[in-house]
Amino acid sequence: MKDRIVTGMRSTGKLHLGHYLGVIQNLVKLQKEYECFFFVADWHALTTKYDKTENLKQDVTDVVIDWLACGIDPDIATIYVQSLVPEIAELNVYLSMLTPQNWVERDPCLKDMAKILRTKQGANSQISYGLMGYPVLMSADIMMFNATAIPVGIDQVAHIEITRDIVRRFNNIYKTDFFKEPKPLLNNCSLICGLDGNKMGKSFQNDIKISDTEEVTAKKMMSAITDRSRMHKDDPGHPENCEVAFKYWKIFGNEEQVKIVKCECEKGLRGCADCKRQLGKVINEKFSPIREKRRYYEEHPQEVDKIIIQGSEKARVEARKILSDVRNIIGMY
Ligand code: TRP
């Protein structure tokens, strides 16, 4: 029996290279070693976007298409949409009954979100009851499949801690060892910065999307920050002070290319514009097969739909089993 992992991604629409390098690439590897449940967290998206639902469906399909294009294989991993597995909502009810209020109040991510909401909506902005319950819902996501390992970024570790607390509390209260304590599965990948040198993010408009065309990628690449102290293209450059381009080379170039870039830059033989043009080509080459596969799925939406529906059905079969046990353990009718 393989260990079981669950991980979710908020439905935020088309994904960027940061998602690819930081998460998806890892999931593609993990699907061979574990029994995998990968889902699009559309309820989590609703916690903050309950009033902006025009693109909700498209956002979900865009995530799934990116996953498929990058190599997540629906024949191996179970791909599903959170809201298509309503058993999660029922489990969320049971868990919310036994979770002390101050456990969710101390959640650091929630505090950050509250701060962001306040800057966006003013001092009177309110956290909704649903957003408050986010850590419990996330625990339900994980416990619904009694997963033991959760691939997440470092920012999500606090949530897994709460899940472990909730697991222990459930097992204690109902005198059982039914739920297993999940562990975060951290990915030691290199983080990619955005084109402006800050963290890559959709809302910062500094990202390159997996789905961007070659032209858009090339154009975006030209806007990347380089060595700010370099004025002329034949000035000697400082690759280690190059804020974006050289970092990208180290991620996307091979050893030989990185050596040449470094050497030419330091000798003033390579202008930043040329360097970025070449880099754009390298990135486009790398993503060409992924983008081709992506176009295929975009042109075959019924196939994507079928994958989502079948995956969600498969997830539900498992969820129903667990939920039936949970109802018994609690003593429901
Ligand atoms: N909270 C996660 C994020 O914002 C997404 C998520 C929701 C998740 N439920 C999960 C991740 C369960 C792992 C397991 O990135």
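The model is predicted, so local features need pLDDT of at least 70 and side-chain atom pairs count only at pLDDT 80 or more, while totals for chains, interfaces and linings use all residues. Residues are numbered from 1 along each chain as its sequence is written, and side-chain values use heavy atoms, with hydrogens and water left out.

**Around the ligand**

- The residues around the ligand are Thr7, Gly8, Arg10, Phe39, His44, Tyr134, Met138, Asp141, Ile142, Ile150, Val152 and Gln156.
- By class, this shell holds six nonpolar, four polar and two charged residues. Here Ala, Val, Leu, Ile, Met, Phe, Trp, Tyr, Cys and Pro count as nonpolar, Asp, Glu, Lys and Arg as charged, and the others, Gly among them, as polar.
- A polar side-chain atom of Tyr134 sits 2.6 Å from a nitrogen atom of the ligand.
- For Asp141, a polar side-chain atom lies 2.7 Å from a ligand nitrogen atom.
- An N or O atom in the side chain of Gln156 is 2.9 Å from a nitrogen atom of the ligand.
- Taken alone, the ligand exposes 360 Å², and the protein buries 88% of that. These accessible areas come from the Shrake-Rupley method with a 1.4 Å probe; for residues, only the protein chains shown count as cover.
- The elements giving two or more residues to the shell are β1 (4-10), α8 (134-143) and β4 (149-152). Helices (H or I, at least four residues) and strands (E, at least two) are DSSP runs, numbered from the N terminus.

**Helix α8**

- α8 gives the most to the shell around the ligand, with four residues.
- This helix is mostly covered, as 10 of its 10 residues are buried. Buried means under 20% relative accessible area, exposed over 50%, and partly exposed in between (1.4 Å probe, protein chains only).
- Among the buried residues of α8 are Tyr134, Met138, Asp141 and Ile142, and these four also belong to the ligand shell.

**Helix α11**

- In α11 (residues 245-252), the buried residues are Ala245, Phe246, Tyr248, Trp249 and Phe252.
- Viewed down the axis of α11, the buried residues fall within an arc of 155°, so they line one face of the helix. The arc is that of the directions from the helix axis to the C-beta atoms.
- An α-helix has 3.6 residues a turn, so residues three or four places apart point the same way.
- The buried residues of α11 pack against α1 (17-33), α10 (214-222), α12 (255-266) and α13 (272-299), where contact means heavy atoms within 4.5 Å.

**Positive phi in the loops**

- Most residues other than glycine have a negative phi.
- Lys175, in the loop between α9 (157-173) and β5 (183-186), has a positive phi near 50°. Lys175 is exposed, with a relative accessible area of 73%.
- Gln205, in the loop between β5 and α10, also has a positive phi, near 50°. Gln205 is exposed, with a relative accessible area of 73%.

**Pairs apart in sequence**

- Gly153 is in the loop between β4 and α9 and is partly exposed, with a relative accessible area of 33%.
- Lys281 belongs to helix α13 and is exposed, at 56% relative accessible area. Lys281 and Met221 are 60 residues apart along the chain, and their C-alpha atoms are separated by 9.6 Å.

Conventions
Near = heavy atom within 4 Å. Polar contact = N/O pair within 3.5 Å; in protein donor to acceptor, adjacent residues only side chain to side chain.
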